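Work through the exercises below with the sequence and the structure at hand. Each task is followed by a solution in steps.

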Amino acid sequence: MLFRGWVCGVMVVLLSVPSACRAQQAQQAPQGGMGGIASGAAVAPVYDEQKRAITAGGFVDKGPVVFQDITRAAGISGWRHKMGAPEKNFIVETNGSGVGLIDYDNDGWLDIYLVNGSTFDALDGKEPPPHAALFHNNHDGTFTDVAAQAGVENDRWGYGVSIADYDNDGWPDIYVGNYGKNRLYHNNHDGTFTDVAEKAGVALGNWSPGSSWGDYDGDGLLDLYVTGYVHFDRDLAAALSKEAANASCLYRGVSVNCGPRGLPGEPDHLFHNNGDGTFTDVTVKAGVDDKLRYYGFTAIFVDINGDGKPDLVVGNDSEPNFLYINKGDGTFDDQSYVSGFALNKDGREIASMGIAAGDYENNGLIDFFVTDFGDDYKVLYHNDGDADFTDVSYNLGIAQTTIPFVGWGDGFLDYDNDGWLDLFMVNGHVYPQVDKHNWGTTFAERPLLFHNVPEASRKGRRFSYIPPVKDSGLAAVIPARGAAFGDLFNDGKIDVIINPIDGPAVLLRNVNPDRHHWAEMKLIGGQKSPRDATCATVFLKANGMRMREDVLSSGSYISSNDRRLHFGLGEATDAGTAEIHWPSGAKEMVKLPAVDRIYTISEGRGITGALCGGKPCAAPILSDLVAPRIAIH
């Protein structure tokens, strides 16, 4: 296996690295050394009034309870994530897994797919492999794991997941990124799935954590982008770990596992959907070839510049991020640096893990919030138009609070339904060794919530930190990784499901006491669009605002959120009018007849169904669904 990295100050490619040079590099390297992923300098520790590290403290006695931990009551506490040994001697044991929200049986209720990791003993057949979970929504606040019956246990070393209907049969499918070959679970329409990754040509190998679906060439078929992380050679990694007691891989002077810096990267891939169940690798042809083998995590197909074509963003760990603009001819233009998305405001790459995509200003433009390592602030990229981005993290009040935390899954969500997108991020360190030192950080960390509020002095928006109330969901201290956001109980409130490393999943139900109204939409594409309307954009004009939401197959940290579009309406009792930009290029205006409903809208047909209180609306109400539909150009 080739080893690529800086050795004694010189970039080389060789089979192994001389131990003397690695030791010298460890002494010279900043903060994380060759093995760390910290992109900022070490900062002074932050403690709360009880002298606890702020990552596991800072609780308040009183305040609004926004989320409640209902894991046990929901019936999902029995499943446990497992990834390697507790000591985390290798990087494959540290990064954790994602979670996907999917209505796999088309009953109108979100189910939960939790990816699991594995162990070297399991790979060697010395112990049973950990299994992924598919929790079926029982419609009564509880869930039942049906992964075995459904055939989606994925007895491989799992990382990421994306959800999409790749063959346009009306049923959502599941793509799982693994260390080892990946899975493409095709939905059989009967509660079961079949892995067709090998037949489809998208199994790959080695380590591919993230993925995203989008119809980049406008043929009505969803194509697949898969990120590559580290090319992990188990034998070489074991040999290196024995040399010089990991002298080359230090975090604050303490030996830790190596990577990703200094380790060889794994390439990204773009697969074109051939329409016959197979895919063709068009990475180079499309202009998205990851020539330098950056360490890819989360990828998202989304229309950035408003031309109706899905563009592509990729978060790279400890390397510059990618931003590819769709040229409309089957190729992309790499605008990573010119757009401002590659680096933060200081011109530094960050250890990008999770990416949240959303229009937090309600100005019609997609912004991005990117989580990264501790000792560095998390970055909010403001879309200035024309695919230009500015790092506004400090200006908007997010940066300082996030510095001590190692951030993973994140999302823009309107938790109080006031019509403005808020920010949520989950956290957890990668090195268990931090719990043995007085560094002001912990392996298990609590989540962070920021409320989107107006700032009179700037006549703009700002994010206000919401302190965690004791015993509430925001006070859950866990080594979090993946997170997904969606309306799990069909009550119009966005909930959070978290996949931690080495522990049970955590389900946080939104119990915010607001009584604001809302509207949600499930889109169904027509003949020229993907059936599940992936990458469609909706602008809802209501409550004096024009809000934007996009149908996305991926996001957060290698996870997949609720594909239904959620809009908070505040005090408004008029649900407004939706301007829908379909992937086919068609545009429609659809008047929503009432608030607090989940509408199904079909391309060219308007509203074709609705849920009221989680159940199909009664006949008298259904008669209201004959709403005006206007095609626009």
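**Exercise 1.** Find which residues Arg446 is in contact with, leaving aside neighbours within four places in sequence, and state which side chain of opposite charge is nearest.

*Solution.* 
Step 1. Contact means heavy atoms within 4.5 Å. On that criterion Arg446 is in contact with Ile54, Thr55, Gly57, Gly58, Phe59, Phe405, Asn427, Tyr465, Pro468, Leu474, Ala476 and Val477, its neighbours within four places in sequence being left aside.
Step 2. The model is a predicted one, in which local features need pLDDT of at least 70, side-chain atom pairs count only at pLDDT 80 or more, and totals for chains, interfaces and linings use all residues. Residues are numbered from 1 along each chain as its sequence is written, and side-chain values use heavy atoms, with hydrogens and water left out.
Step 3. Arg446 lies in the loop between β27 and β28 (448–455); strands (E, at least two residues) and helices (H or I, at least four) are DSSP runs, numbered from the N terminus.
Step 4. Arg446 is buried, where buried is under 20% relative accessible area, exposed is over 50% and partly exposed is in between (1.4 Å probe, protein chains only).
Step 5. Arg446 has no salt bridge, and Asp48, the nearest side chain of opposite charge, is 7.4 Å away. A salt bridge is a side-chain nitrogen of Lys or Arg within 4 Å of a carboxyl oxygen of Asp or Glu; Lys and Arg count as positive and Asp and Glu as negative, while His and the chain ends are not counted.
Step 6. The Arg446 side chain does make a polar contact with the side chain of Tyr465, at 3.0 Å. A polar contact is a pair of N or O atoms within 3.5 Å; within protein, one must be able to donate a hydrogen and the other to accept it, and residues adjacent in sequence count only if both atoms are side-chain atoms.

**Exercise 2.** Classify the partners in the salt bridges Glu349 to Arg261 and Arg548 to Asp550 as buried or partly exposed.

*Solution.* 
Step 1. The whole structure has 21 salt bridges.
Step 2. Glu349 and Arg261 meet at 3.7 Å, N to O. The two residues are 88 residues apart, Glu349 in the loop between α8 (336–339) and β22 and Arg261 in the loop between β15 (254–255) and β16 (269–273).
Step 3. Glu349 is partly exposed because its relative accessibility is 27%; Arg261, at 22%, is also partly exposed.
Step 4. In the other pair, the closest N and O atoms of Arg548 and Asp550 are 2.8 Å apart. Arg548 counts as buried at 5%, and Asp550 is buried at 10%.

**Exercise 3.** Describe how strand β23 (residues 367–370) is placed.

*Solution.* 
Step 1. Asp367 and Phe369 point one way, Phe368 and Val370 the other way, and all are buried.
Step 2. β23 pairs with β22 (residues 355–358) in the antiparallel sense over four bridges; strands pair if DSSP finds at least two bridges between them. Here Ile355 stands opposite Val370.
Step 3. β23 also pairs with β24 (residues 379–385), antiparallel, over three bridges, with Phe369 opposite Leu380.
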